[in-house]
Amino acid sequence: MLQIYCKNNKQSKSFPEGSSLLEIFQGFQLDFPNQVVSARVNNCSQGLKFRVYQNRDVEFLDVTDSSGMRVYTRSLCFVLYKAACDVFPGCSLYIEHPISKGYFCNLHKPDGEPVTEQDVEAICHRMQEIIDRDMPFRRNETHTEEAVRIFRERGFEDKVRLLETSDSVYTDYYTLGDTVDYYYGALLPSAGYLKVWGLEKYHHGLLLRIPDYQHPDQLAPMVEQPKTFEVFSENLKWNIIMGLSNVGDVNHAILKGNASEMIQVAEALQEKKIVKIAENIYERMNSDNPVRIVLITGPSSSGKTTFCKRLSIQLLTCGIRPMSFSTDDYFVNRVDTPKFPDGSYDFENLNAVDLPLFETHLKALLAGEEVEVPEYNFKTGLREFNGKMLKLEKNSILIIEGIHALNPQLTPQIPDELKYKIYISALTSVSLDDHNWIPTRDNRLLRRIVRDYNKGAFTARQTISQWPSVCEGEEKWIYPYQENADIMFNSALNIEFAVLRNHAETILASVPKNCPEYSEAHRLLKFLHYFVPVSDKEIPPTSLLREFVGGSSFKY
């Protein structure tokens, strides 16, 4: 018999060797508010069909946990894929990127005709049939060579190219009825677990809708994001032109010795975009309603600081003198900072900024006055005035960076025609394969882990521990305003995971196995293993990526 310690109720119980997590869950008779979908076993995420053969700690999860939501969403994607294949034999489905609180899916029908409302209804009907039948997801483990053969026979070149560049001896693949697919994480025991979902026609494809994190019995509310969708689409089109739409493509290009060219092209594309933004600002400065302020925001580890510096250089080439400062310097003294219910400081709250002083200074600068701007001392928690003077000359423009920059409440009395608003994020541009996307948050989390460690600010464990509260703040204070931007900038590079792997693996491996943060570290290590590593020696010193891996020529 095994001894299983359940973290949910802090109790231990005996079970036969080889018991599944589902059997263990039933044995503990836990009263869960929501449906359990997965578990952590010794801090490693596992599906409910996972069998235990030694004493273990187990924590059961629902979709309010990010790991549980990933299991639920992957399973829903498989049901969508099977339904699409059943309705349109020979079709291709591409699950491309998160958007509007769901996932955009591109369906290529065999006849080449566009997707219609009737098509969506037919797929929905078939999905519901699969769910009503409670069709089981079956995991199959085989030699990687055999998995490659299976996928090649079915024409899944995206999966073939991914697995061919893997050094794994064995590979898991899944079946749902007679449909075969590959997923890089666990699935639900069966389709009947999928109680909350939706599918709608969206642009030229489909929007797969998922449960809301906070209210899992409801769909996440759809939010229109036309500008974000356009950025994703633009990057996807370019990746297809370059033949680098998934990780297998990237790996094969690296193995052929093309890493240097890939880096140069990716950097040139970003520079071209920054030049275009600078020229657009120049045109707006010389219009009938001249722009005087550039507002820049984006979530954590988007590369905002380096972007501001590179934009400043391009503005100088246009004859514009940029003057930069951050909303962080207008933080109220720490003792006056808003607090969470647990008493900790809520630094991302809008009211952590001295809004009246900030707007007073902006008005004075726009009126041509000289202003002494503050500098926030993060060690003492005090705002200081150290003689830093700013004055906006005729050919000057203010560049203001901060998480609240696009929030209308930050500058309510400044006319919109005076503002040029930029949103920047790492909108990850490659997928693992046609059905496995790379979460944009994983991109940013890996950047932050590497940067925090290199700066000696935080260990990987500490960064991972803080990440959920960072994401919560972004959901509240950044994402609701991203569509206010005049322009969006994607800071992701299609080769950066290959570069980050060399930096992140050792750092992530230092996370102790006996702490909760190990679950995320283990997941990220497994994910990075898909990428053929690339040295950062050819990453330019002005690259956005240098902000995280070190070696930047900019002063921070």
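**Close-up views of a predicted model**

**View 1. The lining of the largest cavity.** W238, M242, L244, M262, V265, A266, L269 and N494 line the largest cavity, where a cavity is a set of points on a 1 Å grid over the protein atoms alone at which a 1.4 Å probe fits but cannot get out, and lining residues have an atom within 4 Å of a point. This is a predicted model, in which local features need pLDDT of at least 70 and side-chain atom pairs count only at pLDDT 80 or more, while totals for chains, interfaces and linings use all residues. Residues are numbered from 1 along each chain as its sequence is written, and side-chain values use heavy atoms, with hydrogens and water left out. The structure holds one cavity of 30 Å³ or more, and the space in the largest cavity is about 40 Å³, a volume being the space filled by probe spheres set on the grid points, which are joined across faces, edges and corners. Helices α6 (226-242) and α8 (259-285) each supply at least two lining residues, and α8 gives the most, with four; helices are DSSP runs (H or I, at least four residues), as are strands (E, at least two), numbered from the N terminus. Seven of the lining residues are nonpolar, one is polar and none is charged (Ala, Val, Leu, Ile, Met, Phe, Trp, Tyr, Cys and Pro count as nonpolar, Asp, Glu, Lys and Arg as charged, and the others, Gly among them, as polar).

**View 2. The packing of α11 against α14.** Helix α11 (residues 440-454) and helix α14 (residues 518-528) pack with their axes 12 Å apart and at an angle of about 105 degrees, the axes being lines fitted to C-alpha atoms over the stretch in contact and the angles running from 0 to 180 degrees between N-to-C directions. That makes α11 roughly perpendicular to α14 (65 to 115 degrees). From α11, D442, L445, L446 and I449 meet E520, R523, L524, F527 and L528 of α14, where contact means heavy atoms within 4.5 Å. The residues of this contact divide into six nonpolar, three charged and no polar.

View 3. R523, which has its place in helix α14, counts as buried at 12% relative accessibility (under 20% relative accessible area, with a 1.4 Å probe and protein chains only). Leaving aside neighbours within four places in sequence, R523 is in contact with R70, Y184 and D442.

**View 4. The loop residue D134.** D134 lies in the loop between α3 (117-132) and β10 (137-143). With a relative accessible area of 37%, D134 is partly exposed (between the buried limit of 20% and the exposed limit of 50%). Not counting residues up to four places away in sequence, D134 touches S190, A191, G192 and Y193.

Note on methods
1 Å grid on protein atoms, 1.4 Å probe; cavity = no way out; pocket = protein on both sides within 12 Å on 5 of 7 lines; lining within 4 Å. Parallel < 35°, antiparallel > 145°, perpendicular 65-115°, else oblique.
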